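Colleague: Could you help me learn how to read a structure like this one? Let's look at it together.
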Amino acid sequence: MDKFKLTSVKVLKDSYIRFRSICLDDDFTLQKLVNRAIDKYNQDENFRDEIREYTQLHISSSKL
């Protein structure tokens, strides 16, 4: 268990509901997405730039 860090994050409800419905048949989870995205963010400078510049979210709080 030492390899894991338990954390909590707030996600946009509509985005999460859509994500869940897309992933039902794929056996893909939010945990898999987060771990893969963090790894790619750490390894890939182009991906980092793409994520930093992404503006398609409907911002509902200052935390986004």
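Colleague: Where does D27 lie?

Modeller: D27 sits in the loop between α1 (13-23) and α2. Helices here are DSSP runs of H or I with at least four residues, numbered from the N terminus. This is a predicted model, where local features need pLDDT of at least 70, side-chain atom pairs count only at pLDDT 80 or more, and totals for chains, interfaces and linings use all residues. Residues are numbered from 1 along each chain as its sequence is written, and side-chain values use heavy atoms, leaving out hydrogens and water.

Colleague: What phi does D27 have?

Modeller: Most residues other than glycine have a negative phi. D27 is not a glycine, yet its phi is positive, about 55°. D27 is also exposed, with a relative accessible area of 58% (exposed is over 50%, buried under 20%, partly exposed in between, with a 1.4 Å probe and protein chains only).

Colleague: How do I read two packed helices?

Modeller: Use the angle between their axes and the distance between the axes. Here the axes of α2 (residues 30-43) and α3 (residues 45-53) come within 6 Å and cross at roughly 115°. So α2 is roughly perpendicular to α3, a label for angles of 65 to 115 degrees.

Colleague: Which residues of α2 meet α3?

Modeller: A37, K40, Y41, N42 and Q43 in α2 meet residues of α3 including R48; contact means heavy atoms within 4.5 Å.

Colleague: Is R48 buried or exposed?

Modeller: R48 is buried but has no salt bridge (a side-chain nitrogen of Lys or Arg within 4 Å of a carboxyl oxygen of Asp or Glu). The nearest side chain of opposite charge, E45, is 4.3 Å away.

Notes. Axes are lines fitted to C-alpha atoms, for helices over the stretch in contact, and angles run from 0 to 180 degrees between N-to-C directions. Helices (H or I, at least four residues) and strands (E, at least two) are DSSP runs, numbered from the N terminus. Angles under 35 degrees count as roughly parallel, over 145 as roughly antiparallel, 65 to 115 as roughly perpendicular and the rest as oblique. Lys and Arg count as positive and Asp and Glu as negative; His and the chain ends are not counted.
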